[in-house]
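Could you walk me through this protein in the viewer, one selection at a time? I would like to know what to click on next and what I will find there.

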Amino acid sequence: MAYFWIILLLFAVSRVIHCEISPFGPENEENYKEYYNYLALTRRLHSFVERYPRISNLASIGKSIEGRELWVMRVTTHSIMDVPGKPRVRYVGNMHGDEAVSRQVLVYLIEYLLTQYGTDPRVTALVNYTDIYIMPSMNPDGFERAIEGDCKGNSAGRDNAKHVDLNRSFPEQFDATSTLANDAPEITAVIKWILQRKFVLSGDLHGGSVLASYPFDDTISHIMLGVYSPADDAALFRYLAQTYAQNHPIMREGRAQCPDDPNEKFKDGITNRAESYDVKGGMQYFSYLRGNCFEVTFELSCCKYPLASDLYTEWNNNREALLTYMEKVHIGIRGYVMTSAGIGLPDSNISVAGIDHSITTWIFGDYYRLLLPGTYNITASSPGWYHSKTVHNVKVNEGRATLLNFILKDLIEEMPLLESPASAIPTTARHQVLSSQGVSTLLSKVQQHDSSYHSYLDMEQFLHRISTVHSSVAHFYSIGQSVRGRKLYVMEISTNPGTDQPGKPQVMFVGSMHGNDAVGREILLNLVEYLCLNYGNEPLVTQLVNTTRVHILPFMNPDGNEGAVDAQKYFAVNEDLGGGMRYSSDQNTDLNLNFPELSYARDFVQPETTAVMNWIKAYSFALSASILGGMIGIKYPNSVGSLDEAVFKSITNAYYMVHFSVRGRVTDIQSGQAIANATIVVEGSRHQVHATSTGRYWRLMAPGIYQLHAFAPGYAASVMTVRVLETQVEQVDFWLTQEQLLQSEGQMEEEEFRKLVEGLSSALSLEQLVQSLLPAGTLLYRNYKERSEFLRGLALSFPHITRLYGLGHSWEFRTIWALEISGSPESLRPTEPKMRYVAGVHGNAAAGPELLLEFASVLCINYGWNPTITKLIDRSRIVIVPCVNPDGRELAQEGKCFSTAGLTNAHSVDLDTDFLYGNISVQPETHAMMDLIEGGGFTLSVVLEGGSLMATYPYDRPTQAVQNEETLRYLASVYVSNHPLMHLGYIGCSDGLGRNERSVPQGVLRGAEFNSHTGSMKDFSMDVDACPEVTVYVGCCLYPPPQQLLPLWTEHAMPLFAMLLEIHKGVSGVVQDREGQPVAGAVVRVNGSILVRTDTRGYFHTLLAPGTHQLQVQAPGFQEQLTQVNVSSHQMASPIMIQFTANSSRFAQKVELAAAISIATVILCSLLVWHFRSSKFRRIRDHVRWLHRRRDDLHLEAILSEKSPLRRVFLEESESDDDTFYLEHH
Ligand SMILES: [Zn+2]
């Protein structure tokens, strides 16, 4: 009872305090009696975020002409980050500045969502499961000019400050040449926002009538009234429009009775927009066709800017409609498109049979296809990469969307063309890999081959892939063989390819008749891809493919130079290089002329020539022109008169010549010389082109924005962004830097990192770093299932820096997960230290696993956002094993500080006594960890335990003589000294029986002094891998109540980061023989005790306490070397160079301080260049755009959250969050 009163008292006090410190007086509550001008709106929106930081976030997506921010309020849980599985919905208001009702109503909607969250279950569910974006005003400038009470919009506030009508100035639907108005930054910002966020559903709020109007908003004729212009999803749009109208008391009547047209009627209050009023250049069609989003326009009131006294009524009229409409984002079908490795595939297509409108997946590979109830056949495809997949008879019911995931098979898996990947997947290859390296490995597989030259195999694979993915329009066949038995492939692109289609004209392109003519070949392969990818999207391509059979022979001479066939000698081709082509309706005449002269002896005719001649004969092409060493042939049907030759000519001609939409030169930045044969790759495309001998290249591309990458041997890669328009050819020139210069760049990067490590080594700057990080706020206790889902979510959200795999299983068959975080999860770098964090060895120590999950989340979300964390992750490999004993953890009892329930595994074994080397009957959990440790290469390990407040270092077994005790103790003290209490050494924990623990000097003990036992993981790690392991007892209570997790994290965050920093210190170096060759497997003995072995590059690294240490280096066949090193506590390991001066002899034992620093520098530089290049290439490969997008989001959001003085509140509130972070909520 006493408790009850105390709690009540505390509660009352806290209420009082809250009222006193609350900056919000009653004037901040909505009174529905005034319009907010720009300043008031800005203030109001900020006040929301300050008050509800956990579920709201304010961002500006751009500025108006007059510099006003275009505010967007985001309302959702975890409002500062993108979480897979949440569909995005948006409302845009006040696009016409004088249509003011929507502006206010949207502010009321924000307030309603925020204040009702946690109270009203409907709002709570909506905010939990939906990513809501609300833009109260798209035209803040116009609003400032508009006048209250102006019902008809006579006060000129409709347009923006440059007199642009924002709902007439989007790029036009039916006029591809229309461009964006320069004087409408509001539109540019919104377009960017629409494309970036890929909204699923949106409502555009206007005034001047009471009506819901659905796409399309115009017709090609732009007749103002009466032309119905349905979208492919017309039925769905009608339903969506009705949803709003039916929930609006006036709209649903369909008789707005607005004064200017009192007799106007719309059945059910909805209409097709074009039918009622043609709007050219509106946002609605743009959202649907370009923005992946279903949008309906709502007119809220007859009077555009009614008196403020009407606002409360307007809010009541619209509230239910606004909420219900948003809820419709959850209808239809939703799910993920992913690879068999579980990696989400962004920008994959989801199409529905019978509806000619596909949508695409978002950054996590997640999609939301709104559909009415019914049965559908759904296809997911990711062209060029994966097999598409169709699922038939998918049922869509009323209400919640049907979940449908697609796993697409990689095309390459089935093509045994390439050798195994060069990049090694280290040690854990046999483990079950859930995520991440699949795509990158495949990418590197392909690109390694491509980067030098487009080989025959690559081409064969390319054609195979294209014909598989685009089987409806592409078909490839062979017309014969080369001298060396390589096939001469022709790709036919046409509807019904491979079948005889009398009456269809045929075009043939022949490339690369000379073996060395790479350009013609590249252009043709590019043409193949271009036609296939754009069929169905680009009207001209679609028309061409529908009406023509295009045959492309990219490689006439697959054997290359050696078997060079100068085909042109044999074909007296009608050359017509003056532009355009000559064609003949009598297809046989020219061809006869082109046969080899009889005077050429048959023996000299190469098989390639014969094959091509037969092919030309069989298809009756008329040869016509030669471009870049190739040929174009055309065959008209007999009924040629019926075809408009001029049109046909212009299509083929235009396609070939005009659509080299990007061209440019590749040049050495120093010398200004052309770089011949440089490779140009378009991100997202598997096809590449090569520069000519003058450094020029051409590339066909559909309109859009692309990243172009240029590579050349000996040069650093370069990236350019290009925006391709339909109307012009873009010039993109590359200036490449030679690698030698890159080398010094690599040194600079190394130097930079060195400074970073030094800088962070002061406690103050480390503290500053930790405090500046984006908080993850994930702390809560998780059971096994939740922990697994959390880890999967993390790996799914950050595929480029994480790898999740199972180390093995517990007795009860729970997976023992390891999460690896690193800048390059797919490959090891030579000088990259490896860190291990482990928790949950004893299941009853429950805080450790959660601290590690929070740690992992903080690392991930700050990667790419915080430069220091990014560099640390790029230069480290972090392996986190959150729970070694998942069975025990399930049994642990929350709130029990001393309970031993869950301490052992399901077979009652204390796992920390089971690490006995050579024991074959170890527990499965032990076995899993042993595998990880034996895999080796770890620099340092930290194990989180509970039940005390101190740290121990090896060894746990009693008899061990500890020769390197100084170093081990030092490492433990690094953790302890960064903890606010531990280093005081006064533990103050009781054991539950009223006895207090003794104090421990500096909070550090040798394991054996604390709890002497054998078979410990710590000892095993030392014995097997020479990896020091520090065990940290994070707090007195084994299973503290959940509200203590946040304080615990606050205490332990800095020590955890300090240990990560520590692995970059110590001593490292390279061991060489006399000739400067690296010596692998050399033993480096430090102070006579620790043993480290050099790797295949002769490289070693070990941690050491600050001070002077002796190194003894031995290798079979060499004379032992001794050297002395100084190690500092705040400096990065400075690589030293140790060179064996002579082979071993029985007599001479020279002691020598190796000083061949210059040679060492060369070796280390080459390591660095390797490092630098691999990091560069990795960035290119790993979906650069994805990361950028993500970082920009976080950046923007972090700036905003940082502005908030209540940022700490976010942390605290997150603690009580009952949603699991990152996870599916359904
Ligand atoms: Zn309007």
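## A strand pair to start with

Begin by selecting strands E44 and E45 (residues 1121-1127): the two run antiparallel and are joined by seven bridges. Keep in mind as you go that this is a predicted model. Within this pair, click on His1109 and look across to E45, where Val1125 is its bridge partner. Now follow the hairpin of E44 and E45 through the six residues between the strands, and stop at Gly1117, which has a positive phi near 90 degrees.

E41 pairs with E44 (residues 1107-1114) in the antiparallel sense, over four bridges. To see one of the pairings, pick Val1083 and find its bridge partner Gln1114 in E44.

## A three-strand sheet

Clear the view and select E43, E40 and E46. These three strands form an open sheet in the order E43-E40-E46, with mixed pairing. Strand E43 (1099-1102) and strand E46 (1135-1139) are at the edges; each has a single partner strand, so one side of each has no neighbour in the sheet. From one strand to the next, the twist averages 25 degrees.

Zoom in on strand E40 (residues 1067-1072), which runs parallel to E46 and is joined to E46 by five bridges. Here Val1071 stands opposite Ile1138 in E46.

## Two helices side by side

Now select helix H25 (residues 924-935) and helix H28 (residues 1017-1025). Their axes are 9 Å apart and the helices pack at an angle of about 35 degrees. The crossing of H25 past H28 is right-handed. Show side chains for Met929, Met930, Ile933 and Glu934 in H25, which meet Met1017, Phe1020, Ser1021, Val1024 and Asp1025 in H28. Sorted by class, this contact of H25 with H28 has six nonpolar, one polar and two charged residues.

## The disulfides

How many disulfides does a search of the whole structure find? There are three, and each is worth a stop.

For one of them, select Cys897 and Cys1037, whose sulfur atoms are 2.0 Å apart. The link of Cys897 and Cys1037 is left-handed, with -95 degrees about the S-S bond. Cys897 is partly exposed at 22% relative accessibility, whereas Cys1037 is buried at 14%.

Move on to Cys151 and Cys303, a disulfide with its sulfur atoms 2.0 Å apart. The torsion about its S-S bond is about -95 degrees, so the disulfide of Cys151 and Cys303 is left-handed. Trace the chain between the two and you will find them 152 residues apart: Cys151 is in the loop between helix H5 (140-145) and helix H6 (185-197), and Cys303 is in the loop between strand E8 (294-299) and helix H10 (311-327). Cys151 is partly exposed, at 34% relative accessible area, but Cys303 is buried at 13%.

Finish with Cys258 and Cys302, joined by a disulfide with an S to S distance of 1.9 Å. This link of Cys258 and Cys302 is left-handed too, with -80 degrees about the S-S bond. Is each cysteine buried or partly exposed? Cys258 counts as buried at 4% relative accessibility, while Cys302 is partly exposed at 22%.

Notes. Residues are numbered from 1 along each chain as its sequence is written. This is a predicted model: local features need pLDDT of at least 70, side-chain atom pairs count only at pLDDT 80 or more; totals for chains, interfaces and linings use all residues. Side-chain values use heavy atoms; hydrogens and water are left out. Two strands pair if DSSP finds at least two bridges between them. Axes are lines fitted to C-alpha atoms, for helices over the stretch in contact, and angles run from 0 to 180 degrees between N-to-C directions. A crossing is left-handed if the near helix is turned anticlockwise from the far one by less than a right angle, and right-handed if clockwise. Contact means heavy atoms within 4.5 Å. Ala, Val, Leu, Ile, Met, Phe, Trp, Tyr, Cys and Pro count as nonpolar, Asp, Glu, Lys and Arg as charged, and the others, Gly among them, as polar. A disulfide is a pair of cysteine sulfur atoms within 2.5 Å. Buried means under 20% relative accessible area, exposed over 50%, partly exposed in between (1.4 Å probe, protein chains only).
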